[in-house]
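Open the model in your viewer and keep the selection tool ready. This tour goes from one stop to the next.

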Amino acid sequence: MKKIEAIIQPHKLEEAKEALKAIGIDGMTVVEVRGHGRQKGHKEIYRGQEYQVDLLPKIKLELVVPDARADEVIRTLVAAARSGKIGDGKIFTCPVSSALRIRTGESGEGVL
Ligand SMILES: Nc1ncnc2c1ncn2[C@@H]1O[C@H](COP(=O)(O)OP(=O)(O)OP(=O)(O)O)[C@@H](O)[C@H]1O
Ligand SMILES: [Mg+2]
(Lines give C-alpha, C1' and ligand atoms only; values in the text may rest on other atoms or scores of the structure.)
(Ligands and ions follow the chains in the order given, each with its own letter.)
Protein backbone atom coordinates (compact mmCIF):
# COMPACT_ATOMS: atom_id res chain seq x y z
CA MET A 1 0.00 0.00 0.00
CA LYS A 2 1.02 3.60 -0.60
CA LYS A 3 -0.05 6.82 1.04
CA ILE A 4 -0.40 9.64 -1.45
CA GLU A 5 -0.43 13.15 -0.04
CA ALA A 6 -1.45 15.71 -2.62
CA ILE A 7 -1.27 19.38 -1.72
CA ILE A 8 -3.39 21.26 -4.23
CA GLN A 9 -5.06 24.59 -4.83
CA PRO A 10 -8.37 24.76 -2.94
CA HIS A 11 -10.31 25.58 -6.14
CA LYS A 12 -9.12 22.28 -7.64
CA LEU A 13 -10.62 20.12 -4.90
CA GLU A 14 -13.94 19.41 -6.62
CA GLU A 15 -12.24 18.50 -9.89
CA ALA A 16 -9.79 16.22 -8.08
CA LYS A 17 -12.59 14.52 -6.14
CA GLU A 18 -14.61 13.92 -9.30
CA ALA A 19 -11.59 12.51 -11.13
CA LEU A 20 -10.82 10.14 -8.25
CA LYS A 21 -14.44 9.04 -8.09
CA ALA A 22 -14.36 8.34 -11.82
CA ILE A 23 -11.49 5.88 -11.40
CA GLY A 24 -13.15 4.17 -8.44
CA ILE A 25 -11.20 5.55 -5.52
CA ASP A 26 -13.49 5.56 -2.50
CA GLY A 27 -11.59 6.55 0.61
CA MET A 28 -9.80 9.81 1.22
CA THR A 29 -9.10 12.40 3.86
CA VAL A 30 -9.23 16.09 3.06
CA VAL A 31 -7.49 18.63 5.23
CA GLU A 32 -7.41 22.40 4.99
CA VAL A 33 -3.79 23.40 5.36
CA ARG A 34 -1.55 26.40 4.85
CA GLY A 35 1.85 26.30 3.29
CA HIS A 36 4.33 27.70 0.85
CA GLY A 37 6.72 26.37 -1.74
CA ARG A 38 9.80 27.96 -3.18
CA GLN A 39 8.21 31.36 -3.83
CA LYS A 40 7.55 31.46 -0.08
CA GLY A 41 3.99 32.46 -0.70
CA HIS A 42 4.38 35.99 -1.85
CA LYS A 43 4.57 35.80 -5.66
CA GLU A 44 1.29 33.96 -5.77
CA ILE A 45 -0.38 37.10 -4.45
CA TYR A 46 1.74 40.08 -5.49
CA ARG A 47 4.45 40.61 -8.06
CA GLY A 48 7.55 42.71 -8.03
CA GLN A 49 7.62 43.63 -4.39
CA GLU A 50 9.27 42.25 -1.30
CA TYR A 51 7.09 40.56 1.28
CA GLN A 52 7.47 38.46 4.35
CA VAL A 53 7.19 34.72 4.00
CA ASP A 54 3.50 33.98 3.80
CA LEU A 55 1.44 30.86 4.25
CA LEU A 56 -1.26 30.37 1.65
CA PRO A 57 -4.36 28.22 1.99
CA LYS A 58 -4.07 24.82 0.30
CA ILE A 59 -5.95 21.55 0.42
CA LYS A 60 -4.20 18.33 1.38
CA LEU A 61 -5.72 15.13 0.06
CA GLU A 62 -4.56 11.96 1.76
CA LEU A 63 -5.24 8.65 0.08
CA VAL A 64 -4.02 5.17 0.91
CA VAL A 65 -4.20 2.97 -2.16
CA PRO A 66 -2.95 -0.46 -3.26
CA ASP A 67 0.59 -0.36 -4.66
CA ALA A 68 -0.73 -1.37 -8.07
CA ARG A 69 -2.96 1.73 -8.26
CA ALA A 70 -0.57 4.38 -6.99
CA ASP A 71 0.73 5.54 -10.39
CA GLU A 72 -2.77 5.77 -11.84
CA VAL A 73 -3.98 7.81 -8.86
CA ILE A 74 -1.03 10.18 -9.10
CA ARG A 75 -1.56 10.68 -12.84
CA THR A 76 -5.23 11.38 -12.19
CA LEU A 77 -4.45 13.93 -9.49
CA VAL A 78 -1.90 15.71 -11.64
CA ALA A 79 -4.33 15.94 -14.55
CA ALA A 80 -7.08 17.32 -12.30
CA ALA A 81 -4.99 19.74 -10.24
CA ARG A 82 -2.65 21.21 -12.83
CA SER A 83 -3.27 24.74 -14.07
CA GLY A 84 0.32 25.33 -15.15
CA LYS A 85 0.73 28.27 -12.78
CA ILE A 86 2.98 28.50 -9.76
CA GLY A 87 1.46 27.11 -6.60
CA ASP A 88 -0.28 24.18 -8.30
CA GLY A 89 1.03 21.97 -5.52
CA LYS A 90 2.97 18.79 -4.87
CA ILE A 91 2.38 15.10 -4.43
CA PHE A 92 4.32 13.06 -1.91
CA THR A 93 4.15 9.26 -1.74
CA CYS A 94 5.27 6.94 1.02
CA PRO A 95 4.88 3.26 1.91
CA VAL A 96 2.15 2.15 4.32
CA SER A 97 2.70 -1.00 6.33
CA SER A 98 -0.82 -1.65 7.58
CA ALA A 99 -4.46 -0.65 7.28
CA LEU A 100 -7.31 -1.76 9.52
CA ARG A 101 -11.07 -1.22 9.36
CA ILE A 102 -12.12 -0.50 12.92
CA ARG A 103 -15.71 -1.75 12.54
CA THR A 104 -14.82 -5.27 11.44
CA GLY A 105 -11.23 -5.72 12.52
CA GLU A 106 -10.24 -6.81 9.01
CA SER A 107 -6.92 -5.59 7.71
CA GLY A 108 -4.86 -5.34 4.55
CA GLU A 109 -5.55 -3.90 1.10
CA GLY A 110 -9.12 -5.11 1.24
CA VAL A 111 -10.08 -2.37 3.68
CA LEU A 112 -9.09 0.38 1.24
N1 LIG B 1 9.10 20.53 0.38
C2 LIG B 1 7.85 20.60 0.79
N3 LIG B 1 7.46 19.93 1.90
C4 LIG B 1 6.17 19.98 2.33
N5 LIG B 1 5.22 20.69 1.72
C6 LIG B 1 5.56 21.36 0.62
C7 LIG B 1 6.88 21.36 0.09
N8 LIG B 1 6.90 22.13 -1.02
C9 LIG B 1 5.65 22.57 -1.19
N10 LIG B 1 4.84 22.12 -0.21
C11 LIG B 1 3.44 22.38 -0.05
O12 LIG B 1 2.86 22.46 -1.35
C13 LIG B 1 2.21 23.70 -1.52
C14 LIG B 1 2.34 24.14 -2.95
O15 LIG B 1 3.71 24.26 -3.27
P16 LIG B 1 4.08 24.88 -4.67
O17 LIG B 1 3.26 24.25 -5.73
O18 LIG B 1 4.05 26.38 -4.57
O19 LIG B 1 5.61 24.37 -4.82
P20 LIG B 1 6.80 25.08 -5.58
O21 LIG B 1 8.01 24.24 -5.36
O22 LIG B 1 6.91 26.51 -5.15
O23 LIG B 1 6.38 24.95 -7.12
P24 LIG B 1 5.89 26.13 -8.10
O25 LIG B 1 7.12 26.80 -8.60
O26 LIG B 1 5.11 25.42 -9.17
O27 LIG B 1 5.01 27.06 -7.31
C28 LIG B 1 2.85 24.61 -0.51
O29 LIG B 1 1.97 25.67 -0.16
C30 LIG B 1 3.12 23.68 0.65
O31 LIG B 1 1.91 23.50 1.39
MG1 LIG C 1 5.29 27.76 -5.41
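A polar contact is a pair of N or O atoms within 3.5 Å; within protein, one must be able to donate a hydrogen and the other to accept it, and residues adjacent in sequence count only if both atoms are side-chain atoms. Keep that in mind for several stops.

This is a predicted model, in which local features need pLDDT of at least 70, side-chain atom pairs count only at pLDDT 80 or more, and totals for chains, interfaces and linings use all residues. Residues are numbered from 1 along each chain as its sequence is written, chains are lettered from A and ligands numbered from 1 in the order in which they are written, and side-chain values use heavy atoms, with hydrogens and water left out.

**The whole chain**

Switch to a cartoon view. The protein has two helices and four strands. Helices (H or I, at least four residues) and strands (E, at least two) are DSSP runs, numbered from the N terminus. Along the sequence they follow the pattern β-α-β-β-α-β. Of the 112 residues, 31% count as buried. Buried means under 20% relative accessible area, exposed over 50%, and partly exposed in between (1.4 Å probe, protein chains only).

**Ligand 1**

Now select ligand 1. How many residues surround ligand 1? There are 14, and the closest are Arg38, Gln39, Gly87, Gly89 and Lys90. Near means that a heavy atom of the residue lies within 4 Å. Strand S4 (residues 89–95) gives the most to this shell, with three residues.

Show the polar atoms next. A backbone N or O atom of Arg38 lies 2.8 Å from an oxygen atom of ligand 1. A polar backbone atom of His36 is 3.1 Å from a ligand oxygen. In the side chain of Lys90, an N or O atom is 2.8 Å from a nitrogen atom of ligand 1. Taken alone, ligand 1 exposes 610 Å², and the protein buries 73% of that. These areas come from the Shrake-Rupley method with a 1.4 Å probe.

**Lys58**

Select Lys58, in strand S3 (residues 56–65). Is Lys58 buried or exposed? Lys58 counts as buried because its relative accessible area is 8%. Its side chain makes a polar contact with the side chain of Gln9, at 3.3 Å. A polar atom of the Lys58 side chain also lies 2.9 Å from the backbone oxygen of Gly87.

**Ile91**

Finish in strand S4, at Ile91. Ile91 is partly exposed, with a relative accessible area of 30%. Ile91 and Glu5 are 86 residues apart in sequence, yet 5.6 Å apart in space, C-alpha to C-alpha.
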